[in-house]
Amino acid sequence: MAKIISVHPDNPQSRRIEEIRSALSSGAVMLYPTDTVYAIGCDLNVKSAVEKVRHIKQLANDKPLTFLCPSLSNVATYAFVSDTAYRIMKRLIPGTYTFLLPATKLVPRLVQNPKRKTTGIRVPNHTVCLTLLEALGNPIISTSAHLPPDEADNGKVGIVSDSITSRAELFDRVDKIVDVIVDTEQEPTYEVSTIVDLTGDEPMITRRGLGWDAVTAWV
């Protein structure tokens with residue numbers, strides 16, 4: 001069973017943040033709220049945890065994983081950011097945007113697109129996420145907590161947008177598949193991030209999500 005750790009949404013308690021940080025550093029996978037949907041995540045640099053996230057989401061190895069960074073300067077550690085990309089990102093972060101960028105060598109192969117050598121990065125506008133990132137010192141994997149059907153459970157669907165009505169139900173669904181549940185009393189939503197592809201000569205919106213209309217002024 002997962003351990004539920006209650007965290008104040010605006011003033012995260014340092015003791016509880018440290019408890020989560022310690023678990024992540026030791027390979028834990030967590031369910032946690034973001035400024036878009038609830039996400040399943042782990043320490044970017046713990047291979048076994050990343051593999052567990054892939055298994056939970058039933059992702060093929062050529063499917064890249066998005067991760068969170070605390071700032072634009074930190075993003076530049078894990079991705080090559082062109083002048084154009086920098087100007088766009090500076091206008092939009094922190095916020096509900098995922099940026100596709102060429103990955104640096106610090107991004108594990110298990111996380112990036114193996115053919116394009118790209119990765120998805122977000123800088124969230126969410127106090128708990130940013131506090132965890134600061135405490136951990138590493139990026140945090142962030143993949144939406146929408147799960148595929150569980151074939152071992154007679155095809156019962158895991159987490160889908162039309163079946164979860166409360167965080168209590170959400171927590172119950174993931175109780176046996178994650179190690180930690182971060183509870184800020186935030187109810188689940190299903191409004192995803194807007195994805196902006198900054199890997200080519202011209203930026204493109206590849207998914208319209210929260211805040212997509214604000215991107216049109218810069219893309």
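Visitor: How many aromatic pairs does a search of the whole structure find?
Guide: Three. Rings of Phe, Tyr and Trp (its six-membered ring) pair if their centres lie within 6.5 Å; planes under 30 degrees apart are stacked, over 60 edge-to-face, the rest tilted. This is a predicted model: local features need pLDDT of at least 70, side-chain atom pairs count only at pLDDT 80 or more, and totals for chains, interfaces and linings use all residues. Residues are numbered from 1 along each chain as its sequence is written, and side-chain values use heavy atoms, without hydrogens and water.

Visitor: What kind of pair do Tyr-38 and Phe-171 form?
Guide: Edge-to-face, with 6.1 Å centre to centre and 75° between the planes. Tyr-38 lies in the loop between β2 (30–32) and β3 (39–41), and Phe-171 in helix α6 (residues 167–174), so the pair ties together parts 133 residues apart in sequence. Helices (H or I, at least four residues) and strands (E, at least two) are DSSP runs, numbered from the N terminus.

Visitor: Are Tyr-38 and Phe-171 buried or exposed?
Guide: Both are buried. Buried means under 20% relative accessible area, exposed over 50%, partly exposed in between (1.4 Å probe, protein chains only).

Visitor: And Tyr-97 with Phe-99, what kind of pair?
Guide: Tilted: 6.4 Å centre to centre, 35° between the planes. Tyr-97 and Phe-99 are both buried.

Visitor: New topic. How many disulfides are there?
Guide: Zero in the whole structure. A disulfide needs two cysteine sulfur atoms within 2.5 Å.
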